[in-house]
Amino acid sequence: MTIEWETVIGLEIHAQLATRSKIFSSSSTAYGAQPNSQANLVDLGYPGVLPVLNGEAVKMAVKFGLAVNCEIARRSVFARKNYFYPDLPKGYQISQFELPVVGRGEIHITLDDGSRKRVGITRAHLEEDAGKSLHEDFEGMSGIDLNRAGTPLLEIVSEPDMRSAAEAVAYMKGMHTLVRYLEICDGNMQEGSFRCDANVSVRPKGQQELGTRTEIKNLNSFRYVEKAINIEVERQIDVLESGGKVVQETRLYDSAKNETRTMRLKEEANDYRYFPDPDLLPLVISEEEIEAVRGTLPELPDQKRERFCSEYKLSDYDARVLTTSREMAAYFEAVVEASGGEPKVAANWVAGELSAALNQSGRDIGESKVSAAALAGLLKRIADHTISGKIAKEVFAAMWDGEGDADDIIEQRGLRQITDSAAIEKIIDEVIAANPGQLEQFRGGKDKLFGFFVGQVMKATQGKANPGQVNQLLKKKLA
Amino acid sequence: MHDKTIAELSRSLQSGDFSSVELTTHLLDRVESLGPQLNAFVTVTGELALEQAAKADQRRAAGDAGPLNGIPIVHKDLFCTDGVLTSCASRILDNFISPYDATVVGKLKQAGTVMLGKTNMDEFAMGSSNENSCFGPVKNPWDDTRVPGGSSGGSAAAVAARLLPGATGTDTGGSIRQPAALTGITGLKPTYGRVSRYGMVAFASSLDQAGTLTRSAEDAAMMLGAMAGFDPRDSTSAEKDVPDYRATLDDSLDGLRIGVPTEFFDDGLMPANKTAVEAAIHELEKLGAKISQIHLPNLGLSVPTYYVVAPAECSSNLSRFDGVRFGHRAEKYADLTDMYKKTRGQGFGAEVKRRIMIGTYVLSTGYYDAYYLKAQKVRQLIAADYAAAFKSVDLIAGPTTPTPAFELGAKTDDPITMYLNDIYTIGANLAGLPGMSVPCGFVDGLPVGLQIVGSHFSEARLLNVAHRYQQVTDWHTRAPEMAAGGTART
């Protein structure tokens with residue numbers, strides 16, 4: 001008998017908050033500076049220095065909490081997590097333990113098949129990041145870069161609500177979209193601004209009790225999240241099916257070998273000796289402060305998606321694609337407004353041609369070589385039949401290459417659609433005269449050849465003849 | 001001029017009796033000749049002091065001199081001083097030149113004071129006898145076979161021996177008041193949060209408070225006025241205006257309600273100390289105060305509570321001394337863990353290690369609730385005792401210590417007895433209250449201190465009471481014999 005296994009996943013997402021300065025010091029949080037050039041005495045943990053909480057980080061945490069309908073703690077407490085490591089300057093990390101700033105809430109995510117799923121949020125808390133140990137370039141020694149030390153993090157802990165790697169990825173993507181909508185995190189995964197630890201376990205389907213879990217640390221891409229979880233699930237099932245037991249431990253994912261391996265066992269885990277940090281007063285947030293932050297909440301991805309469906313009559317799929325980022329949605333709306341045309345056409349162009357060009361060139365929509373106004377100009381020419389949709393793709397490519405706006409390109413390349421009936425009729429006559437055989441067959445009942453004549457006319461006009469007119473006139477001539 | 005108080009020196013400097021450079025030179029001579037036998041100093045910053053004194057004289061000539069302009073002082077060696085060794089009397093920091101000034105140091109500099117150096121102390125402020133210093137013990141100026149108290153022992157000895165008119169100290173469990181009592185000077189521990197902790201190397205963050213060691217209450221008022229105030233770099237400092245402490249020094253004590261806790265007069269209090277303290281309280285009564293007996297029922301739990309809370313915080317605060325970024329690092333080590341072990345093993349003294357171990361233990365999983373959490377609850381009970389007392393009295397008076405200065409080495413092998421020396425002072429720290437020790441007599445030629453404790457931010461009242469007491473007594477003017485030594489220029 002084979003057991004059917006069920007996977008249970010919970011994620012701890014670390015989102016680096018987009019504050020200008022660190023969570024407890026005035027140092028810059030900008031990425032990529034010379035090692036240790038953005039570490040002041042507080043970040044270095046010098047004797048006598050004290051932390052002072054950055055109010056912006058608190059506002060961002062509250063903003064997140066409000067966006068996912070979490071309870072905002074009126075009083076939360078910073079605690080010290082004690083352990084020794086060279087890139088942890090004070091010998092403790094300031095975090096929140098028993099009383100986090102953000103309590104229970106939930107997020108609804110969209111799965112690949114378009115269905116929706118609720119994922120519970122257990123809590124989200126503020127903490128400082130550690131520095132980085134650099135093991136290369138220093139023979140027999142390690143270098144320490146403390147630029148990242150003290151960078152504000154929001155750790156978002158989910159309930160174990162996900163049942164597959166794909167669901168975990170969908171959740172992570174949903175969070176990724178959300179934090180960027182809220183402008184509390186730049187979401188840059190290569191730079192480590194958005195990363196997660198995955199808690200994974202399996203149990204026989206139908207069993208209530210959770211299986212023993214392992215924690216896979218520090219996954220910094222959606223692809224790795226999916227691969228690491230899948231390979232870990234496979235490993236756990238193998239262990240269980242061969243009569244073994246899953247050991248509770250922390251594991252690392254090796255992307256090169258596509259395997260997870262033991263980092264440290266539970267017994268080896270540090271006793272962090274958490275206790276309230278006496279250098280910081282309890283964080284008290286008033287109703288007024290919460291309401292002030294609520295006033296800054298933007299339209300959230302779900303709200304925007306629903307509005308796109310109702311206001312622009314878009315399909316759920318289109319609306320979802322267009323609301324993946326705030327910038328994409330804003331671009332789409334700018335195109336609709338400037339073109340004054342069919343939202344569906346604008347949607348197709350933004351999600352289609354434009355997105356393809358962006359992907360191909362590795363650009364963000366903010367760096368698009370064709371502005372929303374320029375794309376609207378192109379769509380207007382389709383709407384007023386100056387060019388056909390097919391020709392428009394050629395014009396778009398030229399616009400992308402910097403040849404000017406739609407009208408310039410249409411003029412320069414002589415792409416204006418032929419709408420003069422007399423001119424079209426003349427070409428039709430020539431086409432008919434040149435294909436007597438096909439004419440005979442058509443007249444003999446082979447209706448399909450109508451398309452052949454349309455094609456020949458379009459070919460003769462390099463696609464510039466108005467297709468509607470061609471159809472109409474051909475029908476008359478061939479009748 | 002070394003016999004003068006800060007207030008007297010301030011007047012002399014202003015009237016041009018002598019310059020700050022002359023005063024500084026004279027005191028530097030005394031520090032050089034008398035300092036070594038007390039071992040009161042870690043660093044003497046002679047050159048820097050003379051520079052600062054010259055600048056102070058220039059400011060005065062330019063008509064820009066506040067009351068503390070040109071007054072020489074010293075700082076306990078756990079205040080960070082820009083460009084000067086800040087060792088905390090620990091081997092682990094014996095090469096640490098601070099790159100910045102503590103807020104207290106900066107404010108006193110701003111007020112025009114002249115820093116003559118840094119004083120010896122118990123390592124990281126952990127001790128009650130100043131014997132826990134990597135630079136060796138400080139001696140009591142009244143009897144060099146005895147301790148000056150701790151942990152601000154160097155500051156206390158220097159001020160008592162008339163080497164300096166004033167010094168900074170820190171008080172986590174009595175570390176200003178106890179040495180002030182044992183050396184016959186005036187010690188003030190302000191309300192927690194009154195003075196910034198920024199740049200004060202942390203021992204127990206929720207208890208540490210900077211204060212003053214001077215020869216009079218008036219001088220304490222002058223120094224505190226310059227040191228106190230909100231500091232945006234210390235989240236626990238109070239956003240409260242600083243009153244003019246000198247303005248109310250002469251206020252009447254008529255109707256002042258003083259509570260005397262019966263718990264302070266227990267079996268541990270030496271009878272001769274008791275007599276001296278009772279006489280002092282009677283003196284306050286003569287000045288118009290109404291004396292009543294009060295109870296602080298949980299006070300007996302203050303020492304054990306303190307020895308859970310303080311070590312817990314210190315075990316975490318001292319983690320940064322790991323040999324990675326500053327301070328001592330072991331010369332030879334096999335790997336990272338070995339580096340930590342050897343660096344910290346060599347760098348910390350026995351008492352610091354003991355407290356780190358206690359603190360680590362009480363915060364550990366499985367022990368946290370029974371020790372740390374329980375201690376926090378008891379701490380609240382103790383604070384509530386004081387709060388209840390302050391409903392019926394304005395301040396509390398009693399002894400600062402159970403005995404006068406004890407002999408060097410007498411208690412080093414018995415930490416519990418040593419800890420009990422702070423039994424009367426620790427409560428104020430746990431409750432965050434201001435307290436003072438004022439000289440109130442002698443026992444066998446050794447000074448005895450009267451302690452007064454007030455409600456939060458009642459420093460002005462405490463200073464007023466201490467000052468009025470010092471107007472009718474002369475205990476605070478008595479100098480140890482050795483203070484008469486040194487180069488006699490005045």
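What follows sets several labels beside their definitions.

Author: This is a predicted model, in which local features need pLDDT of at least 70 and side-chain atom pairs count only at pLDDT 80 or more, while totals for chains, interfaces and linings use all residues. Residues are numbered from 1 along each chain as its sequence is written, and chains are lettered from A and ligands numbered from 1 in the order in which they are written.

Reader: What makes S7(B) and S8(B) a pair?

Author: Strands are DSSP runs (E, at least two residues; helices are H or I, at least four), numbered from the N terminus, and two of them pair if DSSP finds at least two bridges between them. Strand S7 (residues 257-261) and strand S8 (residues 290-294) of chain B have five bridges in the parallel sense, so they meet that definition; B:Ile258, for example, has B:Ile291 as its bridge partner.

Reader: How do you know that S7(B) and S9(B) pair?

Author: S7(B) and strand S9 (residues 395-399) of chain B share two bridges, again parallel, and the definition asks for at least two, so they count as a pair. Here B:Gly259 stands opposite B:Ile396.

Reader: Why are S4 and S14 of chain A said to stand at the edges?

Author: The open sheet has the order S4-S3-S14 in chain A, with antiparallel pairing. Strand S4 (92-96) and strand S14 (275-276) each have a single partner strand, so one side of each is left without a neighbour in the sheet. S3 (residues 78-82) of chain A pairs with S4(A) over five bridges, and A:Lys81 has A:Gln93 as its bridge partner.
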